[in-house]
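The topics are taken in turn below.

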Amino acid sequence: MLEFRYDTQLLIEGENLDEDAITEYITENFKGDCLLAVGDEELIKIHFHTNEPWKILEYGASLGEIYDIVVEDMERQSRGLHG
C-alpha cells in the first residue's frame, strides 16, 4: 500500500512564476512526496505524489494556464493494471 497514491504531473504557463515559491507553497500546504517544480518565469513543470491531485490542479490553475495534465494511480500500476 502506497502512502501517496496519485502521481500528479502538469505544466503551468504564466507570468512571473517562481519555482522556489511554488515548491515552498506545495510543501507547506499539501500532503505528498517526490515533489519536483522546475522551469522558468513562464513555464513550470510540477511532479508530485499525493492522495488529492485535484488540489494540486486547482493551485496550478490559480497561477496560470494548466495543461499536459497526467494523474496516474500508482496503486493500480503496482497491480499490473493501467494507471
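**Salt-bridge network and surface charge**

A network of salt bridges links Arg-5, Asp-73, Glu-75 and Arg-79. The model is a predicted one, and the structure holds 4 salt bridges.

**Salt bridges**

- Asp-73 pairs with Arg-5 in a salt bridge whose closest N and O atoms are 2.8 Å apart. This pair links distant parts of the chain, with Asp-73 in strand S4 (residues 65-73) and Arg-5 in the segment before strand S1 (6-13), 68 residues apart.
- Asp-73 is buried because its relative accessible area of 7% falls under the 20% cut-off. Arg-5 is partly exposed, with a relative accessible area of 26%.
- Arg-5 also meets Glu-75 in a salt bridge, at 3.9 Å from N to O. Glu-75 belongs to helix H3 and Arg-5 to the segment before S1, so this pair ties together parts that are 70 residues apart in sequence.
- Glu-75 has a relative accessible area of 16% and is therefore buried. The side chain of Glu-75 forms a salt bridge with that of Arg-79 as well, at 3.7 Å from N to O.

**Negative surface patch**

- Glu-13, Glu-15, Asp-18, Asp-20, Glu-24, Glu-28, Asp-40, Glu-41, Glu-42 and Glu-65 form a negative surface patch.
- Helix H1 (residues 19-29) gives the most to the negative patch, contributing 3 residues.
- Asp-40, one of the patch residues, is found in the loop between strand S2 (33-39) and strand S3 (43-50). Asp-40 counts as partly exposed because its relative accessibility is 47%.

**Helix H2**

- Helix H2 (residues 53-63) has Pro-53, Ile-56, Tyr-59 and Gly-60 as buried residues. Seen down the axis of H2, these buried residues fall within an arc of 125°, so they line one face of the helix.
- Glu-58 and Ser-62 are exposed and lie on the face of H2 turned away from its buried side.

**Helix H3 and Met-74**

- Met-74 lies in helix H3 (residues 74-78). Met-74 is buried, since its relative accessible area is 16%.
- Between Met-74 and Glu-42 the C-alpha to C-alpha distance is 30 Å, and the two residues are 32 residues apart in sequence. Glu-42 is one of the residues that form the negative surface patch.

Key. Residues are numbered from 1 along each chain as its sequence is written. This is a predicted model: local features need pLDDT of at least 70, side-chain atom pairs count only at pLDDT 80 or more; totals for chains, interfaces and linings use all residues. Side-chain values use heavy atoms; hydrogens and water are left out. Patches are made of residues with over 30% relative accessible area and no salt bridge: like charges are joined within 9 Å, nonpolar side chains (Val, Leu, Ile, Met, Phe, Trp, Tyr) within 5 Å. Accessible areas come from the Shrake-Rupley method with a 1.4 Å probe; for residues, only the protein chains shown count as cover. Lys and Arg count as positive and Asp and Glu as negative; His and the chain ends are not counted. The place of a charge is taken as NZ of Lys, CZ of Arg, CG of Asp or CD of Glu. Helices (H or I, at least four residues) and strands (E, at least two) are DSSP runs, numbered from the N terminus. Buried means under 20% relative accessible area, exposed over 50%, partly exposed in between (1.4 Å probe, protein chains only). The arc is that of the directions from the helix axis to the C-beta atoms.
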